[in-house]
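Hi everyone, thanks for coming.

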Amino acid sequence: MQIRSKINSLLSNFENKIETLNRIEILKKNILHNFDFFQKENPDCEIWPVLKSNAYGHGLTIIAKILKQRKFSYLVADSYFEALKIHEVSPQPVLLIGYTLPQNLRLMDFRKIATIIYDAETVKALGSIRQKIKVHLKINTGMNRQGINPEEVNNYLDLIKKYKNLELEGICSHLSDADGATDDYTRRQENIFLDAIKQIHAAGFSPRFFHLTNSAGSGKIKNPVCNTTRLGLGLYGYGAPELRPALRFITTLIKINKLQKGDKVSYNCSFTALKDMRIGVIPVGYYEGLDRRLSKNGSVKFHNNYLPILGKVNMNLTMIGLENIKIKKYDEIEVISSNPEAKNSIENMARLCKTIPYDILVKLNESTRRIKV
């Protein structure tokens with residue numbers, strides 16, 4: 001363990017001295033502002049930040065470090081691997097919401113980890129481990145993705161009772177239509193969830209946490225029984241005008257090309273110069289997370305100038321127009337803006353790609369350096 005720690009330290013020192021062509025800036029004050037906004041809107045509810053999928057592309061460890069300044073019972077992650085990464089930088093307990101193969105559970109250390117139960121195989125595997133384990137039972141209230149059906153609740157409670165090492169600490173579900181135009185389906189799910197809680201109390205269990213709501217749902221369900229919210233996209237600044245996006249992506253101009261009228265650009269000759277012109281090359285492509293659907297469609301920004309993407313986005317490179325601006329090799333260019341009004345904001349990129357912000361964010365490659373600013 002000491003040798004591994006020394007190697008990681010040496011690699012970190014080396015990496016920090018190297019200047020990178022690309023960097024993702026994480027605005028610490030915006031993450032904290034977003035957390036505080038949801039806490040203020042839900043004063044009697046615990047806010048549990050969701051850090052799955054590399055913290056929605058923002059960087060698992062950097063977000064875990066920032067959130068050490070706030071209090072809550074759990075960070076939420078998808079996998080044991082994510083939990084281990086979090087625990088390299090933060091002592092905060094982690095709730096695992098992803099599925100784990102039952103045969104792997106015996107290899108895990110649950111001292112700072114709780115896990116969600118989705119099936120009987122998981123209950124039995126956890127029950128055979130000689131560790132005290134906190135579990136959260138997931139109820140399928142209408143998402144029809146994971147969780148046990150309401151009519152199965154008593155059977156699962158009887159199964160959990162068989163294992164003295166298991167503590168039923170929480171009950172949870174997931175909203176299917178929290179951001180929908182109407183609240184009808186959300187209310188239906190809420191009622192199913194509350195009925196399941198009554199069954200659980202009647203069976204003699206007293207869980208501490210009841211978490212049904214996500215970012216969008218936290219503004220719609222105010223029942224005091226639901227005392228915890230899993231805060232995902234909202235933590236990172238998306239979904240409400242009061243929120244502040246916390247991510248900015250910067251790249252470097254690595255080449256300037258002069259084209260003559262009729263010259264072609266990128267794969268399949270997907271852009272043709274209509275006049276003599278200059279174009280630039282940036283070392284960002286769909287591998288780094290610049291969505292290929294932005295080909296001939298999106299733009300990046302240099303100072304106050306939006307520069308169009310010319311032709312198809314490549315795997316690691318993209319060509320951009322440089323008309324009527326003063327720019328030189330190695331100047332920095334903004335790929336993603338933290339300003340939601342900018343053409344190159346996550347929201348507007350998602351709109352151009354006819355997708356959702358999640359889809360753009362989680363594809364930002366983990367290999368790109370992230371820094372806290």
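Let's begin with Cys172: its sulfur lies 11 Å from the closest cysteine sulfur, in Cys226, too far for a bond, since a disulfide here is a pair of cysteine sulfur atoms within 2.5 Å. Before I go on, please keep in mind that this is a predicted model, where local features need pLDDT of at least 70 and side-chain atom pairs count only at pLDDT 80 or more, while totals for chains, interfaces and linings use all residues. Residues are numbered from 1 along each chain as its sequence is written, and side-chain values use heavy atoms, with hydrogens and water left out.

Cys172 is buried, at 1% relative accessible area (buried means under 20%, exposed over 50%, partly exposed in between, with a 1.4 Å probe and protein chains only). Cys226 also counts as buried, at 8% relative accessibility. The closest cysteine sulfur to that of Cys226 is in Cys45, 7.9 Å away, again too far for a bond. How many disulfides does the rule give? The count is zero.

Now to the helices, which are DSSP runs of H or I with at least four residues, numbered from the N terminus. Helix 6, residues 120-127, packs with helix 7, residues 153-161, at an angle of about 15 degrees, and their axes are 10 Å apart. Axes are lines fitted to C-alpha atoms over the stretch in contact, and angles run from 0 to 180 degrees between N-to-C directions. Helix 6 and helix 7 are therefore roughly parallel, the word for angles under 35 degrees. Touching there, with heavy atoms within 4.5 Å, are Ala120, Val123 and Lys124 of helix 6 and Tyr156, Leu159 and Ile160 of helix 7.

Conventions: Helices (H or I, at least four residues) and strands (E, at least two) are DSSP runs, numbered from the N terminus. Angles under 35 degrees count as roughly parallel, over 145 as roughly antiparallel, 65 to 115 as roughly perpendicular and the rest as oblique.
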